[in-house]
Amino acid sequence: MSHSSVEEKASSAVITDWRPEDPAFWQQGGHRIASRNLWISVPCLLLAFCVWMLFSAVAVNLNKVGFQFSTDQLFMLTALPALSGALLRVPYAFMVPVFGGRRWTAFSTGIMIVPCIWLGFAVQDPSTPFSTFVIISLLCGFAGANFASSMANISFFFPKQKQGGALGINGGLGNMGVSVMQLVAPLVVSLSMFAFFGSDGAAQPDGSILYLENAAWVWVPLLVIFTLAAWFGMNDLAASKASLREQLPVLKRGHLWIMSLLYLATFGSFIGFSAGFAMLAKTQFPDVQILHYAFFGPFIGALARSTGGAISDRLGGTRVTLVNFVVMAIFCALLFLTLPTHGEGGNFIAFFGVFMVLFLTAGLGSASTFQMISLIFRKITMERVKAQGGTEARAMREAATDTAAALGFISAIGAIGGFFIPKAFGASLDLTGSPAGAMKVFLVFYIACVVITWAVYGRKTKK
């Protein structure tokens with residue numbers, strides 16, 4: 001293919017001929033098109049994570065602006081976006097081959113404007129019922145579903161030896177949205193930014209004014225900009241087109257369910273701790289201004305995810321995942337030593353340090369398990385198609401479709417951790433006054449994952 005015809009394709013919204021595994025095609029401009037789509041995808045996904053985790057910063061402040069919600073209700077609001085996000089990831093995972101990556105990215109980024117605007121108005125009226133906040137938090141979950149379609153879309157653009165790195169960048173910098181939101185929200189709520197919309201703020205006992213609506217409204221202009229960027233700057237790949245019927249057989253594969261469990265332990269922990277950490281720290285160490293530090297954990301986890309893909313490409317995803325789970329189990333056990341008992345003792349510095357390691361390993365494991373998924377599903381599909389006498393081209397196409405569907409579906413199960421972890425903390429505190437009960441469950445789960453990873457993938461192969 002000539003250089004000019006690759007350029008022609010880059011300027012059209014739909015690319016009909018896409019062959020990333022062909023080195024000549026990749027050199028002549030394929031890599032440029034793939035990179036452009038990746039670098040528009042990243043800020044769209046980052047904003048999705050900002051909106052998805054909004055309630056982790058808003059819930060802590062709701063009672064300061066005149067609401068009277070219980071601790072369990074507030075934990076519920078931080079957990080619900082993860083639930084709807086996880087459930088919606090299943091249909092979202094199948095959307096890119098049906099509608100096209102460009103169209104779907106623009107649509108899924110644009111609809112996030114709705115919960116942001118609504119939440120900004122809801123927090124200004126202390127008579128807003130809890131049920132309204134439940135609906136808004138479920139709508140924020142739509143943002144969490146974007147991850148499945150975004151990762152599936154990017155997986156179509158890159159050749160297999162570059163997928164670990166590309167998915168690591170997209171997922172890792174996307175995950176960075178959690179820490180960006182937790183860093184930005186506490187800063188903007190102290191500024192009068194939207195006074196022309198009649199936003200007066202709520203006076204605090206120390207004389208300051210809290211503009212909680214800013215935490216939601218500050219994302220709206222950026223969402224508008226990147227919705228337009230996706231629509232005008234990204235491409236739909238005709239090669240990625242596939243009906244639902246072609247994608248669903250992936251659900252019959254045993255590896256899909258085993259990898260879902262491992263991803264639940266890594267990404268589920270990352271998103272669950274991101275959602276619940278600020279509320280948990282506030283209940284255990286009420287004297288510490290936790291919102292000043294909450295962003296560190298998700299930041300470390302997202303950085304680890306960005307580099308974890310490349311590390312796994314080099315050392316082998318299974319090896320990285322196995323070591324990672326051992327460290328997670330050890331630090332989960334250490335957490336018990338840092339908690340106060342009956343409101344006495346406890347060490348915030350140690351508590352914070354142990355959680356930072358858990359964030360780091362959750363991020364690293366998210367990348368290494370994703371790299372394992374790509375390799376496992378490509379291998380299974382290629383072998384199956386060739387056994388049926390299919391051509392190399394058909395095997396490649398089906399492998400790309402199967403891998404994208406598997407990535408999306410497994411990411412949906414992983415996201416449920418974002419619901420269970422804050423809910424487990426809330427329930428454990430409610431029943432016993434301590435989060436230790438919830439941590440015991442997580443510890444057993446991490447130990448089980450060490451055994452499963454070694455038994456299923458570790459013995460047969462070192463890769």
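Author: Buried here means under 20% relative accessible area, with exposed over 50% and partly exposed in between (1.4 Å probe, protein chains only). Helices are DSSP runs of H or I with at least four residues, numbered from the N terminus. The buried residues of H6 are Gly101, Arg102, Trp104, Thr105, Ala106, Ser108, Thr109 and Gly110.

A word on the model: it is predicted, so local features need pLDDT of at least 70 and side-chain atom pairs count only at pLDDT 80 or more, while totals for chains, interfaces and linings use all residues. Residues are numbered from 1 along each chain as its sequence is written, and side-chain values use heavy atoms, leaving out hydrogens and water.

Burial turns up elsewhere too. Asn324, in helix H15 (residues 317-335), counts as buried at 3% relative accessibility. Not counting residues up to four places away in sequence, Asn324 touches Thr266, Thr361, Leu364 and Gly365, where contact means heavy atoms within 4.5 Å.

Thr403 sits in helix H17 (residues 392-415) and is buried, with a relative accessible area of 1%. Its side chain reaches the backbone oxygen of Ala399 at 2.6 Å. Apart from neighbours within four places in sequence, Thr403 is in contact with Ser374, Phe377 and Arg378.

Now for helices that pack together. Two packed helices are described by the angle between their axes and the distance between the axes. Axes are lines fitted to C-alpha atoms, for helices over the stretch in contact, and angles run from 0 to 180 degrees between N-to-C directions. The axes of helix H2 (residues 23-52) and helix H8 (residues 130-157) come within 9 Å and cross at roughly 170°. That makes H2 roughly antiparallel to H8; angles under 35 degrees count as roughly parallel, over 145 as roughly antiparallel, 65 to 115 as roughly perpendicular and the rest as oblique. Among the residues making this contact are Trp26, Asn37 and Trp52 of H2, along with Cys140, Asn146 and Phe157 of H8. By class, the contact of H2 with H8 has 14 nonpolar, six polar and no charged residues. Here Ala, Val, Leu, Ile, Met, Phe, Trp, Tyr, Cys and Pro count as nonpolar, Asp, Glu, Lys and Arg as charged, and the others, Gly among them, as polar.

Notes
Helices (H or I, at least four residues) and strands (E, at least two) are DSSP runs, numbered from the N terminus. A polar contact is a pair of N or O atoms within 3.5 Å; within protein, one must be able to donate a hydrogen and the other to accept it, and residues adjacent in sequence count only if both atoms are side-chain atoms.
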